[in-house]
Amino acid sequence: MNDPRTRLIAALDVADRKAALAAVDRLSGHVGCFKIGLELFTREGPRLVEEIRDRGEKIFLDLKLHDIPNTVAGAVRSVCMLGVDMVTVHASGGAAMLEAACREARSSGSSPLVLAVTALTSLSERDMGRFGIGGSIEEWVERLAWTACNAGIRGLVASAKEISMLRGKMDPNLQLVIPGIRPAGSDAQDQARTATPYEAMRAGANYLVVGRPILKADDPAAAADSIAGEIARALRESSLRNP
Ligand code: C5P
């Protein structure tokens with residue numbers, strides 16, 4: 001876990017198997033895990049998940065499940081058969097749904113880490129008003145986090161902006177997986193609540209999810225290495241402060 005690359009998850013947001021395997025070939029050994037999301041899974045299905053897993057890579061299946069408890073339980077059961085390391089459900093699916101997801105994951109042989117997505121990193125404070133949710137995004141994330149943790153969830157997806165609140169209030173063993181990562185000077189694109197790799201790690205992230213800043217770089221492996229360098233610097237400084 002001290003190798004900074006183990007903290008870096010590359011989002012395989014590409015169109016098809018050919019592009020995904022090319023990215024895996026380029027990035028293998030430079031990142032700790034590959035995230036397969038909706039675009040790739042919808043196109044290529046479970047077979048590609050198994051193919052990348054069988055190359056010895058860790059897999060985060062980011063399906064962001066959000067349905068009634070019985071349906072999500074069935075989906076998590078199917079996910080567990082794929083032998084992935086992490087899977088996402090939406091925290092806003094509610095306590096019963098989250099409990100059902102945790103129960104299925106626990107009872108499977110592969111026991112993936114079920115991560116609850118709090119507020120998408122593309123949402124801003126203005127969206128809270130539009131949804132009729134009173135208070136700030138941070139307050140909304142906190143309410144979702146308590147719901148998730150009380151239901152047995154041991155990992156959350158949130159933005160870097162909420163890490164210090166979560167670290168201050170929740171179980172210190174809670175795994176925080178942080179997307180919306182942008183190295184200094186890069187374009188935020190559709191992300192609203194962003195931070196640099198260094199900032200997110202210093203704030204207390206366990207894992208960073210990075211898509212376009214790696215995949216769209218001229219040299220994706222060099223981009224991943226540079227992010228791993230920032231992660232290493234943050235981990236070093238954090239351990240100096242809290243030996
Ligand atoms: O390209 P970029 O680095 O913005 O990609 C971020 C990845 O993290 C995407 O695959 C997106 O689906 C995922 N994600 C996110 N915000 C969340 C949860 C997941 O951006 N709250």
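The shell around the ligand is made up of 8 nonpolar, 3 polar and 6 charged residues (Ala, Val, Leu, Ile, Met, Phe, Trp, Tyr, Cys and Pro count as nonpolar, Asp, Glu, Lys and Arg as charged, and the others, Gly among them, as polar). The model is predicted, so local features need pLDDT of at least 70 and side-chain atom pairs count only at pLDDT 80 or more, while totals for chains, interfaces and linings use all residues. Residues are numbered from 1 along each chain as its sequence is written, and side-chain values use heavy atoms, with hydrogens and water left out.

Select the ligand first, then the 17 residues that surround it, of which D13, K35, T121, R182 and R212 are the closest (a residue is near if one of its heavy atoms lies within 4 Å).

Next, display the polar contacts (pairs of N or O atoms within 3.5 Å). A polar side-chain atom of T121 lies 2.7 Å from a ligand nitrogen atom, and one of K64 lies 3.4 Å from a ligand oxygen atom. At G211, a backbone N or O atom is 2.8 Å from an oxygen atom of the ligand.

Finally, move to R77 and E104, which form a salt bridge with their closest N and O atoms 3.1 Å apart (a side-chain nitrogen of Lys or Arg within 4 Å of a carboxyl oxygen of Asp or Glu). By this rule the count comes to 13 salt bridges.

Conventions
A polar contact is a pair of N or O atoms within 3.5 Å; within protein, one must be able to donate a hydrogen and the other to accept it, and residues adjacent in sequence count only if both atoms are side-chain atoms.
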